[in-house]
Amino acid sequence: MPVTHFRACHLCEAICGLAIETEGNRILSIKGDAQDTFSRGHICPKAIALQDIQDDPQRLRMPVKRVGDRWEQIGWEEAFELVAGRLAAIQTAHGRNAVGVYMGNPNVHNYGSMTHGNYFLGQLRTRQRYSATSVDQLPHHLVSLWMYGHMLAIPIPDIDHTDFFLMLGANPMASNGSIMTVPDVGKRIKALKARGGKLVVVDPRRSETAEQASEHLFIQPGTDAALLLALLNTLFDEELVRNSPALEATIGLEEVKSAVASFSAESMAKHCGIDAEKIRQLARDFAGAERAVCYGRMGVSVQRYGTLCQWLIQIINLVTGNLDQPGGALCTEPAFDVIGGKPGHFDQWRSRVSNLPEFNGELPVAALAEEILTPGEGQIRALFTSAGNPVLSTPNGRQLDRALEGLEFMVSVDLYINETTRHADVILPPTSSLEHDHYDITFNTFAIRNVTRINQPVFAKPEGTLHDWEIFVGLGQVFSRITGQEPRLTMPPAKMIDAGLRAGPYGDRLNMDVLEQNPHGIDLGPLKPNLLSRLRTESKQIECAPPLILQDLQRFAADIDQLRPRDGELRLIGRRHVRSNNSWMHNYQRLVKGKPRNQLMMHPDDLARRGLVDGQEVVVRSRVGEVTVAVTATDEMLSGVVSLPHGWGHNRPGTEQDTATRNAGVSANDLTDERFLDPVTGNAALNGVSVEVVAA
């Protein structure tokens with residue numbers, strides 16, 4: 001008899017509600033849940049692929065270990081003893097930092113990893129920890145830590161109530177929103193325009209979101225800071241600053257005003273490629289709107305001055321009276337409130353080889369390969385990865401690929417033998433997403449409304465399998481015994497969430513029992529001003545002028561002429577697609593079918609100048625490597641800019657993902673440069689990489 005299950009899709013940040021119809025162990029259909037309080041029935045193609053993930057015969061179900069050039073299935077007890085024993089032995093012989101850790105993006109989509117990862121990893125006490133954060137949103141976190149006192153106090157665009165949305169380096173029509181959990185973003189953009197509002201998109205490519213915008217402005221890659229500085233300068237110069245409670249709770253704003261005084265629209269226009277009068281009018285329109293918000297995402301963060309950009313965005317919202325105001329940028333008040341936790345820290349130690357700063361206990365992943373390859377005390381000799389594929393997702397992936405070959409030992413918690421895990425000695429696969437429960441700790445914190453729900457498993461856990469949190473607990477208990485420690489007591493993730501709900505802002509009426517009675521989710525209302533009451537800075541004020549930001553501003557001023565491309569030079573950017581999510585959605589036929597979408601995009605004029613034609617094979621070269629790929633001519637691109645999507649390159653030997661291999665594409669991170677970094681954080685600058693394109 002068919003049964004319908006209601007839960008959210010966990011594959012991207014939008015957390016859209018689903019109605020999944022099953023019969024026995026078969027999925028009959030996956031549809032959007034029209035009763036979901038947040039997504040309102042919206043669904044994207046990725047959610048349909050949950051069936052493919054569940055049924056994929058190449059998804060691992062039991063631990064495997066490498067025996068020569070083949071894989072052998074083993075039991076969990078043997079796997080835990082092998083992994084814990086080898087890691088303990090390597091740390092005994094070479095020190096704690098001889099073991100490295102890399103955590104991939106899907107860990108935040110699976111709450112068991114978040115609640116229990118440190119049950120084991122914390123026992124390693126290694127400073128060689130890395131994650132996808134430093135090829136992504138690290139600038140957001142650091143700016144929030146410095147200005148508001150907590151790395152997760154990130155104000156979110158109030159898209160449903162704004163009149164003017166200025167969006168830089170973001171493509172939510174393809175990504176479904178990021179650090180802005182916004183299901184059904186297309187309808188929300190239409191509603192914004194229908195009420196007389198305006199969406200302005202700034203991007204080197206006329207993206208899917210730019211196509212829906214009121215206005216699109218092309219910009220030179222890596223020069224968003226020039227535009228943002230010119231906007232802020234204009235706001236001060238033309239006395240467009242508007243008072244607000246947030247503005248009255250600041251320190252350092254006069255210092256900011258002085259620091260940006262020389263960055264006029266006229267002086268910045270030639271660098272960003274946007275006319276000075278257009279910049280000034282944009283500033284006037286933004287300041288003149290009753291409710292406006294400025295937002296920048298991936299394209300802004302992963303460039304050389306990403307931290308500077310994210311700081312400027314906060315200051316622009318602040319001085320126009322739009323920070324902590326409806327229709328502007330507001331912090332959530334989630335049911336499970338993470339702001340009460342540890343605020344984060346920065347630069348408490350540095351990487352061994354390149355002297356890059358840690359953030360919240362993690363070093364920039366651009367340093368991972370050199371920390372494996374460079375001999376000496378603290379050299380990484382063993383690596384633990386969880387839900388990550390850094391060979392395809394971090395800069396100079398070929399160098400990391402070579403580095404992994406030389407490890408003494410490697411273990412991966414993963415569902416697949418992919419481009420990274422093929423180097424492992426042991427792979428520990430958790431249950432699939434439909435076989436475990438889930439609560440969105442992270443994405444409720446970044447949502448455009450205050451929402452909450454528990455997602456119950458669709459299928460029972462198959463016999464002999466383990467959830468991700470059970471893997472971390474099993475490893476931790478064996479490691480404790482081997483190293484002579486007393487294993488800590490713990491509890492299942494759901495019990496932790498229940499305790500957090502009861503202690504949270506809605507604890508008088510919310511707990512796990514209530515969530516279980518509301519399978520379509522619970523709407524807790526629109527975002528409201530709350531930032532001032534949630535400030536965790538030492539001064540209890542908004543600290544506008546972090547010293548390292550002002551130093552970076554001086555660095556930017558000295559470096560600005562180098563940001564413009566030289567004659568004939570091309571700059572590489574990435575791009576997203578609604579059917580893809582980083583490197584981990586390419587082994588499912590329904591997502592990769594149709595027109596190829598991993599070509600190099602290039603402006604027709606740039607092709608003509610090089611004697612190239614649409615559709616031919618070309619070689620793209622950077623300092624670190626080259627790839628051969630088909631080129632597509634399109635006026636979506638700004639002349640002088642080329643685009644490759646990230647996450648492809650499934651042509652390495654030894655993987656076991658047949659559909660991905662048949663649709664291999666090339667990896668943009670075989671071109672990105674591990675030396676091309678944000679100078680403040682060490683975050684990878686994946687956009688604006690200098691490349692040349694020639695006939696293959």
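Modeller: Let's start at Arg 652, which is buried, with a relative accessible area of 5%. Buried means under 20% relative accessible area, exposed means over 50%, and partly exposed lies in between, using a 1.4 Å probe and protein chains only. This is a predicted model, so local features need pLDDT of at least 70 and side-chain atom pairs count only at pLDDT 80 or more, while totals for chains, interfaces and linings use all residues. Residues are numbered from 1 along each chain as its sequence is written, and side-chain values use heavy atoms, with hydrogens and water left out.

Biologist: Which side chain does Arg 652 meet in a salt bridge?

Modeller: Asp 401, at 3.6 Å from N to O. A salt bridge here is a side-chain nitrogen of Lys or Arg within 4 Å of a carboxyl oxygen of Asp or Glu.

Biologist: And where do Arg 652 and Asp 401 sit in the chain?

Modeller: Arg 652 is in the loop between strand 27 (641-643) and helix 27 (658-662), and Asp 401 is in helix 18 (residues 397-405), so the pair links distant parts of the chain, 251 residues apart. Helices (H or I, at least four residues) and strands (E, at least two) are DSSP runs, numbered from the N terminus.

Biologist: Is Asp 401 buried or exposed?

Modeller: Asp 401 counts as buried, at 5% relative accessibility.

Biologist: How many salt bridges are there by that rule?

Modeller: The count comes to 43. One of them joins Arg 481 and Glu 81, with the closest N and O atoms 2.2 Å apart. Arg 481 lies in helix 20 (residues 468-483) and Glu 81 in helix 3 (residues 76-94), 400 residues apart. Glu 81 is partly exposed, at 34% relative accessibility.

Biologist: Changing topic, what about the greasy inside?

Modeller: The largest nonpolar core has 103 residues. Such a core is a set of buried Ala, Val, Leu, Ile, Met, Phe, Trp, Tyr and Cys residues joined through side-chain atoms within 4.5 Å. Among the members that touch the most others are Leu 232, Trp 311 and Phe 556. Helix 9 (residues 224-237) gives the most to this core, with 10 residues.

Biologist: What does Leu 232 touch?

Modeller: Leaving out residues up to four places away in sequence, Leu 232 touches Val 256, Val 260, Leu 312, Ile 315, Ile 316 and Val 319. Contact means heavy atoms within 4.5 Å.

Biologist: Now sheets: what is the strand order in the open sheet of 3 strands?

Modeller: The order is 1-2-3, with antiparallel pairing. Two strands pair if DSSP finds at least two bridges between them. Strand 1 (3-8) and strand 3 (26-32) stand at the edges with a single partner strand each, so one side of each has no neighbour in the sheet. Strand 2 (residues 17-23) pairs with strand 3 over 6 bridges, and Thr 22 stands opposite Ile 27 in strand 3.

Biologist: Zooming out, how many helices and strands does the chain have?

Modeller: The chain has 27 helices and 28 strands. Its C-alpha trace spans about 70 × 65 × 50 Å along the principal axes, and buried residues make up 63% of the 696 residues.
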